[in-house]
Amino acid sequence: MEESEEINEEHIDQSENNQDSLVKVTGMYKEWFLDYASYVILERAVPAIEDGFKPVQRRIMHSLKELDDGRYNKVANVVGHTMQYHPHGDASIADAMVQIGQKELLIDTQGNWGNILTGDRAAASRYIEARLSKFALEVIFSPKITEWQQSYDGRKKEPVNLPVKFPLLLAQGAEGIAVGLSTKVLPHNFIELIDASIKHLKGQGFTIFPDFATSGIIDISNYNDGIRGGKIRVRAKISQFDKNTLVINEIPYGTNTSSLIDSILKANDKGKIKIKKIEDNTAADVEILVHLPSGISPDKTIDALYAFTSCESSISPLGCIIEDNKPLFIGVTEMLKRSADLTVQLLKAELEIQLKELEEQWHFSSLERIFIENRIYRDIEEEETWEGVISAIDKGLKPFTKHLKRAVTEDDITRLTEIRIKRISKFDKDKAQQLLDTLDEKIAEVKHHLANLIDFAIAYFKNLKKTYGKGRERKSEIRVFDDIEATKVAIRNTKLYVNREEGFIGTSLKRDEYVTDCSDIDDIIVFTTDGKMMVTKVDSKTFIGKNIIHVAVFKKKDSRTTYNMVYKDGKGGASYVKRFNVTGTTRDKLYDLTAGKPNSLLLYFTANQNGEAEVVTVLLRQVGSIKKLKWDIDFADVLIKGRSSKGNIVSKYSVKRIELKEKGVSTLKPRKIWFDDVVRRLNVDGRGDVLGEFRGDDLLLIVTQKGIAKTIEPKLTTHFEEDMIVLEKWNPKKPLSAIYYDGEKERYYIKRFQIESGNKEELFISDNPKSFLELISTDWRPVAEIEFAKPRGKEAKPNQIVDIENFITIKGIKAMGNQLTSEKVKNMNALEALPFEEPKENEPKDIEVIDEENILPKQENAGAKDGDSEQPTLF
């Protein structure tokens with residue numbers, strides 16, 4: 001007790017003496033951190049370029065080789081054996097071994113090794129077994145050319161690198177996070193790697209792309225050779241099982257069925273997609289059934305799954321490897337080249353060792369033959385010392401050793417003395433000669449391989465492909481993903497403005513003229529008065545050129561929007577008329593729509609969404625003896641050609657002005673339009689319910705629950721109200737029938753009316769706050785059923801069937817209508833309408849469209865779709 005008190009007092013005294021002293025840890029931190037970072041980079045996270053293994057993987061393979069006897073070993077035993085070389089816990093070794101086994105290349109597995117498709121973990125290491133695959137035994141190990149080092153505790157020897165004669169790093173892939181850097185090498189296809197190695201050895205170019213065990217679809221457009229900054233997109237393979245069911249048969253790399261289903265359910269909870277339920281029937285192959293509610297578009301749901309769930313994701317590769325104990329960032333092409341070159345060096349080293357061994361065998365076989373045939377062993381009978389024996393044999397051999405490939409050494413003579421009498425007595429001269437001939441052939445073969453090393457390496461790779469390539473065909477389908485669907489569902493979250501005079505467009509010009517709503521991924525098409533055109537990505541502020549005459553959102557591959565224009569070809573030149581589509585452009589490139597002469601000027605311009613062709617009047621200036629100063633031009637008579645065409649001549653004289661005489665109608669055949677309720681948008685891709693075939697002047701009829709009716713142009717960019725209850729192609733002759741409750745008079749009224757004018761929104765029920773729409777029908781001869789409420793103490797009045805056509809005549813949209821009943825109503829139902837034969841519409845004639853842009857070689861990537869019609873621009 002006294003001793004402990006003395007120690008405490010001494011400690012307190014030392015603390016008081018040192019409390020003012022400071023110890024700087026900057027240097028220690030720097031050294032320790034660098035040591036730690038270097039250790040993690042070199043010894044744990046990043047694979048070596050020589051063999052493609054991380055240290056733990058290399059030690060596992062070495063342990064499997066040491067334990068290999070052709071039979072399976074319990075993984076727990078392999079893990080324990082590996083711990084002789086790996087200074088970390090058994091869990092990390094077991095996990096690393098399971099990952100190697102799941103790739104089904106180097107380890108022959110037995111038992112439950114987990115499932116990469118479902119994400120199920122492997123069984124405990126004491127329950128599963130493993131052995132080296134035949135491929136691993138052939139490709140990975142060659143002790144005679146392996147460089148060895150001491151293990152971490154100095155008790156064992158382990159390989160510095162395994163002599164892997166195959167691009168194993170690219171076949172298996174690698175992923176690791178170290179201190180200050182990381183690596184992500186994606187797996188590639190076994191057969192394609194062999195083919196690429198052969199091409200490299202032949203001096204030919206090659207490209208390789210990832211391939212995943214989970215299959216799926218991949219877009220490698222931006223793979224960038226697997227170096228930093230690259231990206232690939234991976235998708236699940238989704239198909240339509242039936243009209244209300246989708247099936248997912250392949251999943252993207254980096255996901256499993258569990259995580260994929262979770263992401264779908266989350267998207268459904270957030271309202272991004274609509275599904276009824278999901279069934280996971282995955283076993284040996286993936287099968288996820290996605291059941292859709294009735295009326296939901298399967299095609300659009302597929303796009304929504306790609307847009308809002310893990311059915312599509314991006315992967316950013318990062319090629320980082322260890323070379324000469326340093327991290328190195330290289331692409332997969334360079335990795336494969338180095339691997340192929342290293343394979344050649346390893347094969348050369350093996351051949352040189354094999355040649356040396358064969359020559360040694362030939363040398364000793366020759367000595368043995370000389371020793372026995374010439375009975376040199378008898379020369380040692382009289383010798384009493386070892387030196388004398390060696391000297392006697394050496395002397396006896398000298399007359400016969402001229403043909404040998406090297407000098408005879410004392411070790412050679414010593415080996416001769418070890419030949420047994422039994423072998424000497426049974427020596428067969430012919431067999432000895434056959435052995436030497438065989439060795440000569442083998443030596444010649446090896447020398448031939450060394451002289452033709454590249455051909456030998458190519459044959460080696462071909463043999464690997466033939467032996468192990470079966471069943472290793474590409475699993476991931478390479479495809480260029482189409483972004484059109486993504487832009488269609490993009491929310492229009494910003495507004496576009498234009499300063500026509502100064503030539504600027506953008507989303508930040510809020511003091512200038514508003515053009516339209518757009519999304520931040522849209523392209524914008526712009527025309528100027530000097531006949532120039534440009535397509536550019538929407539931005540906060542972009543300069544196009546002064547005197548802008550037309551701005552619109554530009555959609556890809558639009559062959560319907562037609563531009564009509566008349567221009568003057570240079571100062572004092574003739575005037576030309578032309579019609580054209582814009583189906584392909586290079587972004588931010590300025591196009592000249594005139595003949596190219598300086599000071600050309602647009603005299604007339606319109607953009608027509610459905611190929612409308614108006615009639616215009618051309619007025620010339622009174623110059624000289626011109627007799628005809630005024631005439632009409634019908635754009636329907638002008639063929640639609642490419643934008644680079646010169647056009648048809650209007651007049652060689654000066655044009656005073658051009659006036660619009662008559663608005664045009666579409667010269668294109670009707671376009672089918674569908675409405676997809678999933679995103680509440682129109683489309684021309686067949687998703688949802690078909691609304692009909694639309695010409696240029698056709699409109700859509702919309703009725704909302706608020707009792708509002710309106711007709712609009714069927715633009716694909718239109719947004720629809722959430723309470724919309726009627727959407728169909730508008731027939732001006734077809735009446736609407738409505739039953740509504742008047743809040744002021746507290747009675748139900750019925751009315752029939754027609755929409756009197758297009759592009760107009762009107763309220764067709766009373767404007768009392770308590771008024772509401774009960775039933776609306778667009779049938780020609782609708783029938784309704786009234787269910788009456790049961791009065792207290794009395795029987796309910798029988799249901800009343802109302803033939804609306806005979807109940808009320810067609811009146812104006814503002815008319816109140818006729819009272820339907822004074823009784824209390826329980827419910828109203830629309831019954832099947834009475835038969836009516838609609839008048840047939842005239843079949844439109846197909847108008848020939850000459851699309852020169854599709855005839856000429858394609859030099860541009862971008863396209864257009866869904867332009868905006870506008871009033872003509874006159875000059």
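Modeller: What follows is a short talk about confidence, packing and a few local features, and the model is a predicted one.

Biologist: Okay, and which residues touch the most other members in the largest nonpolar core?

Modeller: That core has 91 residues, and those touching the most other members are M61, M97, L106, F135, I140, F166 and L464. Helix α11, residues 332-373, supplies the largest share of this core, with 15 residues. There is also a second, separate core of 24 residues, which includes I248, I275, I296 and I302.

Biologist: Staying with I140, what is it in contact with, leaving aside its neighbours within four places in sequence?

Modeller: With those neighbours left aside, I140 is in contact with F53, M61, L106, L162, P163, V164 and L168.

Biologist: Switching to helix α4, which of its residues are buried?

Modeller: In α4, which covers residues 75-82, the buried residues are V75, V78, V79, H81 and T82. Seen down the axis of α4, these buried residues fall within an arc of 165°, so they line one face of the helix.

Biologist: And what do they pack against?

Modeller: The buried residues of α4 pack against α3 (55-67), β1 (73-74), α5 (90-102) and β3 (129-132).

Biologist: You mentioned β1 and β3, so in what order do the strands of that open sheet run?

Modeller: The open sheet has three strands in the order β1-β3-β2, with antiparallel pairing. The edge strands are β1 and β2 (107-110), each of which pairs on one side only. Between β2 and β3 there are four bridges, and the bridge partner of I107 in β3 is L132.

Biologist: Last one, L601: is it buried, partly exposed or exposed?

Modeller: L601 is found in strand β28, residues 601-608, and it counts as partly exposed because its relative accessibility is 33%.

Biologist: How far apart are L601 and K568?

Modeller: They are 33 residues apart in sequence, whereas in space L601 and K568 are 5.2 Å apart, C-alpha to C-alpha. Leaving aside its neighbours within four places in sequence, L601 is in contact with T529, V566, Y567 and K568.

Methods: Residues numbered from 1 in each chain as written. Predicted model: local features only at pLDDT ≥ 70, side-chain atom pairs only at ≥ 80, totals over all residues. Heavy atoms only, no water. Helix = DSSP H or I, 4+ residues; strand = E, 2+ residues; numbered from the N terminus. Buried < 20%, exposed > 50% of the residue type's maximum accessible area, 1.4 Å probe, protein only. Contact = heavy atoms within 4.5 Å. Core = buried A, V, L, I, M, F, W, Y, C linked by side-chain atoms within 4.5 Å. Arc of directions from axis to C-beta. Pairing = 2+ DSSP bridges.
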